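User: I am new to this structure and would like to learn how to read its helix packing and its ligand site. Can we go through them one feature at a time?

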Amino acid sequence: MKICVIGTGYVGLITGCGFAKLGHDVACIDIDKSKVDMINKGIPPIYEAGLAALLSKVAGKNLNAATDLQSAVRNSEFVFITVGTPSGKDGSIDLSYVKAAFAEALNAIGSGNDGRQSKIFVVKSTVVPGTTDSLAKFGEEKTGKRAGVDYGLCMNPEFLREGKALDDFFEPDRVVIGTEENSTMERMLQLYSGFKCPIIKTNRKTAEMIKYASNSFLAVKVSFMNEVGNICKKSGMDIYTVLEGMKHDSRIGGIFMNAGAGFGGSCFPKDVSALANYAKSSGYEPMMLNAALETNKKQPLKMVEIAKKKYGSLSGKKAAVLGIAFKPDTDDIREAPALAVINALIEEGAKITVYDPKAMENAKKIFGESVSYADSAENALSGSEICFILTDWKEFKDPSLYGKVFVIDGRNVIRRKENYEGICW
Ligand code: NAD
């Protein structure tokens, strides 16, 4: 089938490469020409495990990138919208990228026979309930084209985990398809016919809510474990022993239960804020979502509190920060807990050296000259008095790496009796 993906960031590029590997013809569209050029050369603009190998196989063959959205849309049967939906100042989502991409794509389709139901627009960006329906209205006002008449409209939320995104594409836990249109549902089911997972068929609004409810549940889980961890630490108990005793209860389980420096990334903080904002605008005060966000905001700063308690002032102290990415196997540092820790350390006057196996370029864009950059964990630690571990990259797990440096561990990466303190253990 002919597929066009608008917005080739983490979600768009994985979606494009995934469908290309399955044999479909894919056009990856982005406004950023440098990304387009890299993709056409077979080089991914982001780091994601396995992506470079896959892209090098499909680029220039059945996957081609371009900036020309309209001709790609004209040539496609399915038009995936995977542009960003960043947080606005009040926590609501900024829909300007989705609206711009959607309106431009609609302008490319005919409203006569060639447009009639022949193209399916698939919103994959994470948007609050009701957004895809409101896009249909917005599109009709702007272009006169009607969803369900001139084109098919569907909401198909994305659940990929960065770091495991390709595995999640090929073997998803579930696929959710939201549309009110029977023919659109049938064609989406055809597109996903090779996937051996439950397929949840629903309307567009419910599909949108499934994504927010899923991410918010996971975020609440993390904040819950962090809160219990904070309580444990105050009374000298180890949250990881407590978890050991919890996880065998089949109603609880042990996945996504690690206490630590909190959640980050481009999704959880933004999505929980957006759902909280959506709830408020519907007249409901979302107490649990607010608490999850508040707990998460304070959590990474506990690492700086531990250092201040030990040393008094951190002014002039040499500190190594290991790990900037919000989790291992990605270079994504958006909303990463490491950012809050580094900013707090800068304010305290510490002399900071940072190291991350994949996220150094992204870190440089944010911190510029305010910190030093090392090319290995060893070099970051050399001469440092304190070390803050913020990402559980495999290479940080070797305890011999740390020598006598005082380690404040935010991810349960190493355990040792001396010169060590866990954030909440
Ligand atoms: P991203 O910022 O990495 O990528 C968005 C891309 O869209 C950028 O390359 C940008 O240049 C491009 N773009 C913006 N406007 C455009 C336009 N008019 N035409 C063409 N390209 C345009 O974002 P992302 O992380 O891939 O997330 C995309 C969406 O998917 C968001 O709504 C996000 O919440 C959701 N999501 C993300 C993840 C994740 O792990 N990153 C997981 C699930 C869902």
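User: In which hand of crossing does H9 pass H12?

Analyst: Bear in mind that this is a predicted model. The hand tells which way the near helix is turned from the far one. Here H9 passes H12 in a left-handed crossing. The contact is made by Ser-216, Ala-219, Val-220, Ser-223 and Glu-227 of H9, and by Met-288, Leu-289, Ala-292, Thr-295 and Asn-296 of H12. Sorted by class, these residues give 5 nonpolar, 4 polar and 1 charged.

User: At what angle do helix H9 and helix H12 pack, and how far apart are their axes?

Analyst: Helix H9 covers residues 204-234 and helix H12 covers residues 287-298; they pack at about 55°, with axes 9 Å apart. H9 and H12 are therefore oblique to each other.

User: How do I read the pair H1 and H3 in terms of angle and axis separation?

Analyst: Take the angle, then the separation. Helix H1 (residues 10-21) packs against helix H3 (residues 51-58) at about 55°, and their axes are 10 Å apart. The angle makes H1 oblique to H3. In this pair, H1 passes H3 in a left-handed crossing. From H1, the contact involves Leu-13, Ile-14, Cys-17, Ala-20 and Lys-21; from H3, Leu-51, Leu-54, Leu-55 and Val-58. By class, the contact of H1 with H3 has 8 nonpolar residues, no polar ones and 1 charged.

User: Is the crossing of H5 and H6 left-handed or right-handed?

Analyst: The crossing of H5 and H6 is right-handed. Helix H5 (residues 96-108) and helix H6 (residues 131-143) pack at about 50°, with axes 10 Å apart. That angle makes H5 oblique to H6.

User: Which residues of H5 and H6 meet?

Analyst: On the H5 side they are Val-98, Lys-99, Phe-102, Ala-103, Leu-106 and Asn-107, and on the H6 side Leu-135, Ala-136, Phe-138, Gly-139 and Thr-143. The contact of H5 with H6 divides into 7 nonpolar, 3 polar and 1 charged.

User: Now the ligand. Which residues around the ligand come nearest?

Analyst: There are 26 residues around the ligand, and Asp-30, Lys-35, Thr-85, Glu-162 and Lys-270 come nearest.

User: How far is the polar side-chain atom of Lys-270 from an oxygen atom of the ligand?

Analyst: For a polar contact, look for a pair of N or O atoms within 3.5 Å. The polar side-chain atom of Lys-270 is 2.6 Å from a ligand oxygen atom. A polar side-chain atom of Ser-266 lies 3.4 Å from a nitrogen atom of the ligand. With Val-11, a polar backbone atom is 2.9 Å from an oxygen atom of the ligand.

Terms used. Residues numbered from 1 in each chain as written. Predicted model: local features only at pLDDT ≥ 70, side-chain atom pairs only at ≥ 80, totals over all residues. Heavy atoms only, no water. Axes fitted to C-alpha atoms, helices over the stretch in contact; angles between N-to-C directions. Helix = DSSP H or I, 4+ residues; strand = E, 2+ residues; numbered from the N terminus. Parallel < 35°, antiparallel > 145°, perpendicular 65-115°, else oblique. Contact = heavy atoms within 4.5 Å. Nonpolar A, V, L, I, M, F, W, Y, C, P; charged D, E, K, R; others polar. Near = heavy atom within 4 Å. Polar contact = N/O pair within 3.5 Å; in protein donor to acceptor, adjacent residues only side chain to side chain.
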